[in-house]
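Open the model in your viewer and keep the selection panel at hand.

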Amino acid sequence: MTSARRPALLSLVRPALAALLLAAAGTHAQQAAPTTYNDVQQLLSAGKHAQALTQLDARLEQNGRDPQLRFLRAVALTQLGRQDEAIAALVDLTETYPELPEPYNNLAVLYAARNELGKARDALEMAVRARPDYAVAHENLGDIYLRLALQSYQRAGQLAPAMAKSVAPRVDALRGLLDAQPAAAR
């Protein structure tokens with residue numbers, strides 16, 4: 001499985017959505033025919049998300065526990081704009097296979113897109129707990145912490161106008177960090 005990294009989610013992710021999770025080479029790949037994964041990945045890469053989802057659903061009827069197929073199904077749902085279903089699929093996957101970090105990371109991307117930063121943070125913390133050397137999740141967690149810090153400083157300034165002046169440099173610095181990222185990263 002590969003981690004979710006998607007543009008247009010403010011500062012959470014970097015590469016294009018087409019590369020989101022398509023390089024799936026999970027540890028459970030032996031549970032289904034290797035061409036199934038490749039076929040689905042090709043459909044997703046070609047923008048044929050509905051067709052990929054149909055194939056995945058048919059394959060999952062035969063082997064509903066296959067984590068790779070379930071993961072790719074969440075990718076297809078995401079690319080079809082069906083975020084609620086994708087979130088439900090990823091939550092279910094994390095409950096069944098809590099040792100896999102990628103579903104937590106992808107879940108965090110979806111939560112961040114909704115500005116549910118606390119949930120995104122929690123999911124990323126689970127990802128790094130599952131795999132402490134998972135660099136993508138650490139990077140995404142850092143981006144979430146930046147966004148949470150910005151929100152906290154802004155809120156402090158709103159709650160105590162006298163404090164607004166003292167937090168302004170930190171707000172500006174955080175905005176600068178977030179704005180300095182390439183357009184594809186936001």
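At what angle do helix α5 and helix α6 pack, and how far apart are their axes? Select residues 101-113 for α5 and 117-130 for α6: the angle is about 165 degrees, and the axes lie 8 Å apart. Axes are lines fitted to C-alpha atoms over the stretch in contact, with angles from 0 to 180 degrees between N-to-C directions. The two helices are therefore roughly antiparallel, a label for angles over 145 degrees.

A note on the model: it is predicted, local features need pLDDT of at least 70, side-chain atom pairs count only at pLDDT 80 or more, and totals for chains, interfaces and linings use all residues. Residues are numbered from 1 along each chain as its sequence is written, and side-chain values use heavy atoms, leaving out hydrogens and water.

Next, show side chains at the α5 and α6 contact (heavy atoms within 4.5 Å). On α5, pick P101, Y104, N105, L107, A108, Y111 and A112. On α6, the partners include L117, K119, L124 and M126. By class, the contact has 13 nonpolar, 1 polar and 1 charged residues.

Now select L44 and I144. These have the most contacts inside the largest nonpolar core, which has 39 residues. Such a core joins buried Ala, Val, Leu, Ile, Met, Phe, Trp, Tyr and Cys residues through side-chain atoms within 4.5 Å; buried means under 20% relative accessible area (1.4 Å probe, protein chains only). Color α3 (67-79). α3 gives the most to this core, with 7 residues.

Finally, zoom out. The protein has 8 helices and 0 strands, where helices are DSSP runs (H or I, at least four residues) and strands are E runs of at least two. Buried residues make up 45% of the 186 residues.

Notes
Parallel < 35°, antiparallel > 145°, perpendicular 65-115°, else oblique. Nonpolar A, V, L, I, M, F, W, Y, C, P; charged D, E, K, R; others polar. Buried < 20%, exposed > 50% of the residue type's maximum accessible area, 1.4 Å probe, protein only.
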